[in-house]
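Trainee: I have not worked with this structure before. Could we go through it together?
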Amino acid sequence: MARRTKEDAVATRNALLDAAEQVFLAQGVSQSSLAAIAQQAGATRGAVYWHFKDKLDLFTAMIDRVTMPLDQVVFEGAGQLSGAAPLSRMCRVIHLLLNGLVTDERIRRVFTIMMHRMEFVGELAALQVRHTSSMNEFTRRLALDFTAAAEHEGVELLSPPQLLATGLRSLLDGLMHSWLMGVEGFDLEKDGIAAIQVYLVGAGLPHAAVVAAFEEAAALPGLARMPCAYESKIV
């Protein structure tokens, strides 16, 4: 019975998160109500408040469900990247992100909401601190990988690692932003990775090593097939 109760709780929570994705995407985050999300999920407002404190808590859980597998790779190593060469690690993370957006509808929907359907105002203002912290940490990791990759490949970077990391993160943001808006007709995974390869080679990393690292990354499982600890943490 306890197992059934836990399974029911997980199912209800996931149904509410599914509904939140649909409502936020259609109405925008600031214009969406918990009542509308409950109705979309076929649940009561009481069920919403049983699982989430408020809209901010619900929105954060919706993001975590999609981003936790990537965070496990970027910030925890996820096993498969422990011991990987720095350039391979950097290219793997980039490939996971772009491939996930192209191939996984949920990832695409949530990133569209984060980039095009919300504002850091009102009850969501607290998310800006979290977002900024996450971006700063991602940039810091990229800078470390630039330094380590140059040392591993026996080359000298043509610009400071922190500047290169900031530029690479900005390039990624711009590619995703444009592709999700649909204003440019390009293949995010193919053309996006080609653009990033140009950037990495321009930074001073060997062309052959960059191409090989992305080919290696493409042969590994995507985000949808990676294990994630999210489900075990929610009840």
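Predicted model: local features only at pLDDT ≥ 70, side-chain atom pairs only at ≥ 80, totals over all residues.

Trainee: Which residues in α7 are buried?

Mentor: They are L127, F138, T139, L142, A143, D145, F146, A149 and A150.

Trainee: Which residues have the most contacts inside the largest nonpolar core?

Mentor: Those are F146 and L200, in a core of 61 residues. Helix α5, residues 86–103, gives the most to this core, with 9 residues. In soluble globular proteins, nonpolar side chains tend to be buried together.

Trainee: What does F146 touch?

Mentor: Leaving aside residues up to four places away in sequence, F146 touches M90, L157, P161, L164, A165, L168, Y199, L200, A203 and L205.

Trainee: Changing topic, at what angle do α5 and α6 pack?

Mentor: The angle between α5 and α6, the latter being residues 105–116, is about 100°, and their axes are 5 Å apart. The two helices are therefore roughly perpendicular to each other.

Trainee: Which residues make that contact?

Mentor: From α5 there are L97, G100, L101, V102 and T103, and from α6 there are E105, I107, R108 and F111. By class, this contact has 5 nonpolar, 2 polar and 2 charged residues.

How values were computed: Residues numbered from 1 in each chain as written. Heavy atoms only, no water. Core = buried A, V, L, I, M, F, W, Y, C linked by side-chain atoms within 4.5 Å. Buried < 20%, exposed > 50% of the residue type's maximum accessible area, 1.4 Å probe, protein only. Helix = DSSP H or I, 4+ residues; strand = E, 2+ residues; numbered from the N terminus. Contact = heavy atoms within 4.5 Å. Axes fitted to C-alpha atoms, helices over the stretch in contact; angles between N-to-C directions. Parallel < 35°, antiparallel > 145°, perpendicular 65-115°, else oblique. Nonpolar A, V, L, I, M, F, W, Y, C, P; charged D, E, K, R; others polar.
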